[in-house]
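Opening my notebook on a structure that is new to me. I'll start with charged pairs, then go on to the sheet and the core.

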Amino acid sequence: MAAASGPVGLGDPRGPARSEPPPTRFHQVHGANIRVDPSGTRATRVESFAHGVCFSREPLAPGQVFLVEIEEKELGWCGHLRLGLTALDPASLAAVPEFSLPDLVSLGHSWVFAITRHHNRVPREGQAYAESAAPSRPQALLVEPYLRIEQFRIPRDRLVGRSRPGLYSHLLDQLYEQNVLPPTARRSRLGVLFCPREDGTADMHIVINGEDMGPSARGLPAAQPLYAVVDVFASTKSVRLVQLEYGLPSLQTLCRLVIQKSVVHRLAIDGLHLPKGLKNFCKYE
């Protein structure tokens, strides 16, 4: 008898080639102070420090990362972005809670955490907390082109934040690649995903600039639709969605990687004989 296998999702090397999931978008249901741009990929809190809760438009697929980049910060507030998952359908909410923590979580079936580098890592049964308290960080995060999280393999390139193009961007980019900046720094990239387990539950993972922070919550209902939760809270003012490629990289991505490796810093791309659209893609993505 063949052994039973668990669910196979995006980026899983055990499964057959799968089509790309639809692009991630923000849900039309969100906090009162949030404005989502027409593309559905940018969410900005326009006043106060609260009422900034956002959701993914669609439930996530197993292994699919809902990835945001912090675009704007606002001084004068204490607190940062919050990230997680919910089994509640945003369209079914009578009102979007003012805060994800504790308001949304208190409704049940929601798992949300404030972003810190070493937050609420859940040890497995029989495992000492100290053994799971800090991720095993390789010396160079980008040596391995894929981030492996449980049964999933996710291309690491787009997971890592990048500085604005400038003379020293090649140096600043290394700080994002090594994940030594504060996790809620401007242009940091933060993602959330879930990984199903054989017992029918799932683990929730949070990714900061290409580094898996480990399971933040266990026992999520893998069979239920799970929506991403992004709370644009306090000093975090605006975030944008970053799209990932889960299969083979596109020709556009391969060209970008080759071009970026051939220049010292991204301003030098302006001097290349390339179409303007490709130059911008190489400088900013």
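First a term: I count a salt bridge when a side-chain nitrogen of Lys or Arg is within 4 Å of a carboxyl oxygen of Asp or Glu. This is a predicted model, so I keep in mind that local features need pLDDT of at least 70, side-chain atom pairs count only at pLDDT 80 or more, and totals for chains, interfaces and linings use all residues. Residues are numbered from 1 along each chain as its sequence is written, and side-chain values use heavy atoms, with hydrogens and water left out.

**Salt bridges**

I searched the whole structure and got ten salt bridges. One of them pairs E71 with R42, with 2.5 Å between the closest N and O atoms. E71 sits in strand 4 and R42 in strand 2 (residues 42–45), 29 residues apart. Strands here are DSSP runs (E, at least two residues), and helices are too (H or I, at least four), numbered from the N terminus.

I looked up E69 next: its partner is R189, at 2.7 Å between the closest N and O atoms. E69 is in strand 4 and R189 in strand 9, so this pair ties together parts 120 residues apart in sequence. Is E69 buried or exposed? E69 counts as buried, at 1% relative accessibility, and R189 is buried with 1% too. My cut-offs: buried is under 20% relative accessible area, exposed over 50%, partly exposed in between (1.4 Å probe, protein chains only). R42, at 30%, is partly exposed. Through shared partners, salt bridges join D37, R42, E69, E71, R189 and R240 into one network.

I traced an open sheet of seven strands, in the order 1-2-13-4-9-10-11, with antiparallel pairing. Two strands pair if DSSP finds at least two bridges between them. Strand 1 (34–36) and strand 11 are at the edges with a single partner each, so one side of each has no neighbour in the sheet. Strand 4 and strand 13 run antiparallel, joined by six bridges, and L67 stands opposite V242 in strand 13.

**The core**

I also checked for a nonpolar core, meaning buried Ala, Val, Leu, Ile, Met, Phe, Trp, Tyr and Cys residues joined through side-chain atoms within 4.5 Å. The largest has 31 residues, and F26, F66, V68, M204, V230 and V239 have the most contacts inside it. Strand 10 gives the largest share, four residues. Another core of 13 residues lies apart from it, including L147, L193, V207 and L244.
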